[in-house]
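Please give a short report on this protein, starting with how its parts are named and then moving from the whole chain to single residues.

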Amino acid sequence: MKKVFLLVLVSFCWLLGATLINVPADYETIQAGINAATEGDSVLVAAGIYYENIVWPVVNGIKLIGESEETTIIDGNALANVIYFNSSNIDTTTLTTNFTIQNGSSDYGGGIRCEESSPNLTNITITCNSAVDYGGGISCRYSSNPSLENVTFTNNSANHGGGLYCFYSSNPSLENVTFTNNSAADYGGGIHCGYNANPSLENVIITNNFAYSRGGGLYCAENSSLSFSAINRCDIYSNNVENRGSGADIYSGSTISVILDTFTVINPTDYHASPLNNFTFDILNAAITEQIDADLYVSPNGDNANDGLTAQTPLKTIQYANSIILADSN
């Protein structure tokens, strides 16, 4: 399928007069390749590990294409963003596809940083990035609206938005995206949305993420929102937060309609979603199929396979007890 795609791409480039630039055959680095590109050109990157911190030129419509997500890796070497977009001239005709992006580190967006730009990003794995403040994996700021497809965010961390940070009217489109094992020292272990951000989510999986303050999986400020697909439903489950009432799976300061295939439980409590009154839920399945309407016992010597109903059959962790208890207002 990829050979067919590249053949079609070459044909289109010939018809339109665009140039194919090969890395490392024509240029040793990706930065040099895209610096040489003009609008409509394609930069084809061979398999390998490229230790680079790329600053995208103010040129729209460049297509950066790796050989495959598994074999073509851009490593930021913990020095800066792996890719930095900073121009309102960049829209979704600018394409980045078929890469693993790793080891980025920056105040904003360890993996990919988008400011006032809207690149199109597909078939990308983003891993092991860290950020001092916002967006360990990708930071979208100032109306930047990239399309993210077939992307995995894992082991990223930041103060806000361990995986993805959306800010100032940024409305990225996410399709077939997974957030797992990301963390935030403050808000939004998986995703953070603030200041009129409204990302759309289609077939997105958010699991095993952590935030210290609010929104282990997702955090939305009171002036932001989320749009969930009712056709290709998302999964949000088994995320964690430091304190009950802070939204282990999702926290929102505004009213949100949550449409999911799978959530942690069928009947969310204020442990899973906070404040609970800000949500309406349409959930088909639950990761935890049975919730307990009773007091629960927890012990370091317990087992989460126990029923937790007696001191002789305690659960092992407070987190799991909070996940399964069907708490009421008392």
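## Strands and the overall build

Strands here are DSSP runs of at least two residues, labelled E and numbered from the N terminus. Strand E16, for example, covers residues 164-167 and contains Phe167. The model is predicted.

The protein has 30 strands and three helices. It is 330 residues long, and 53% of them count as buried. Among contacts with a separation of 6 or more, 71% join residues 24 or more positions apart. The accessible surface is about 14000 Å². Carbon and sulfur atoms hold 48% of that surface.

## Nonpolar cores

In soluble globular proteins, nonpolar side chains tend to be buried together. Here the largest nonpolar core has 37 residues. Phe179, Leu226 and Phe228 have the most contacts inside this core. Strand E28, residues 256-263, gives the most to this core, with five residues. A second core is separate and has 17 residues, including Ala37, Val43, Trp56 and Phe99.

What does Phe179 touch, leaving out residues up to four places away in sequence? Its partners include Phe153, Leu164, Leu174, Ile191, Val204, Ile205 and Ile206. Gly163 and Gly190 are also among them, as are Thr207 and Asn209.

## Ala37 in the second core

Ala37 is a member of the second core. This residue lies in the loop between H2 and strand E2 (42-45). Is Ala37 buried or exposed? Its relative accessible area is 5%, so Ala37 is buried; the cut-off is under 20%.

Beyond its neighbours within four places in sequence, Ala37 is in contact with Ile21, Val43, Val59 and Ile62. Val43 also belongs to the second core. Leu20 is 17 residues from Ala37 in sequence, and their C-alpha atoms are 8.7 Å apart.

## Phe167 and Tyr195

Phe167 sits in strand E16. At 11% relative accessibility, Phe167 counts as buried. Tyr195 is 28 residues from Phe167 in sequence. In space, the two C-alpha atoms are 5.6 Å apart.

Tyr195 lies in the loop between strand E19 (191-194) and strand E20 (200-202). Its relative accessibility is 44%, so Tyr195 counts as partly exposed. Tyr195 is not a glycine, yet its phi is positive, at about 55 degrees.

## Asn176

Asn176 also has a positive phi of about 55 degrees without being a glycine. Where is Asn176 placed? It is in strand E17, residues 173-180. Asn176 is partly exposed because its relative accessible area is 30%, which falls between the 20% and 50% limits.

Leaving out residues up to four places away in sequence, Asn176 touches Glu149, Asn150, Val151, Glu202 and Asn203. Glu202 is 26 residues from Asn176 along the chain. Their C-alpha atoms are separated by 6.6 Å.

## Cis peptide bonds

Val23 and Pro24 are joined by a cis peptide bond, with omega about 10 degrees. Pro24 is in the loop between strand E1 (20-23) and helix H2 (30-35).

Ser274 and Pro275 are also joined by a cis peptide bond. Here omega is about -20 degrees. Pro275 is in the loop between strand E29 (273-274) and strand E30 (279-286).

## The second largest pocket

How much space lies in the second largest pocket? The volume is about 150 Å³. Its lining includes Ile288, Thr289, Glu290 and Ile292. Asn304, Ala305, Asn306 and Asp307 line this pocket as well. Tyr320 and Ile324 are also part of the lining.

By residue class, the lining divides into five nonpolar, three polar and two charged residues. Glu290 and Asp307 are in the lining, and both residue types count as charged.

Key: Residues numbered from 1 in each chain as written. Predicted model: local features only at pLDDT ≥ 70, side-chain atom pairs only at ≥ 80, totals over all residues. Heavy atoms only, no water. 1 Å grid on protein atoms, 1.4 Å probe; cavity = no way out; pocket = protein on both sides within 12 Å on 5 of 7 lines; lining within 4 Å. Points joined across faces, edges and corners; volume = space filled by probe spheres on them. Helix = DSSP H or I, 4+ residues; strand = E, 2+ residues; numbered from the N terminus. Buried < 20%, exposed > 50% of the residue type's maximum accessible area, 1.4 Å probe, protein only. Contact = heavy atoms within 4.5 Å. Areas by Shrake-Rupley, 256 points an atom, 1.4 Å probe, with all protein chains shown as cover. Core = buried A, V, L, I, M, F, W, Y, C linked by side-chain atoms within 4.5 Å.
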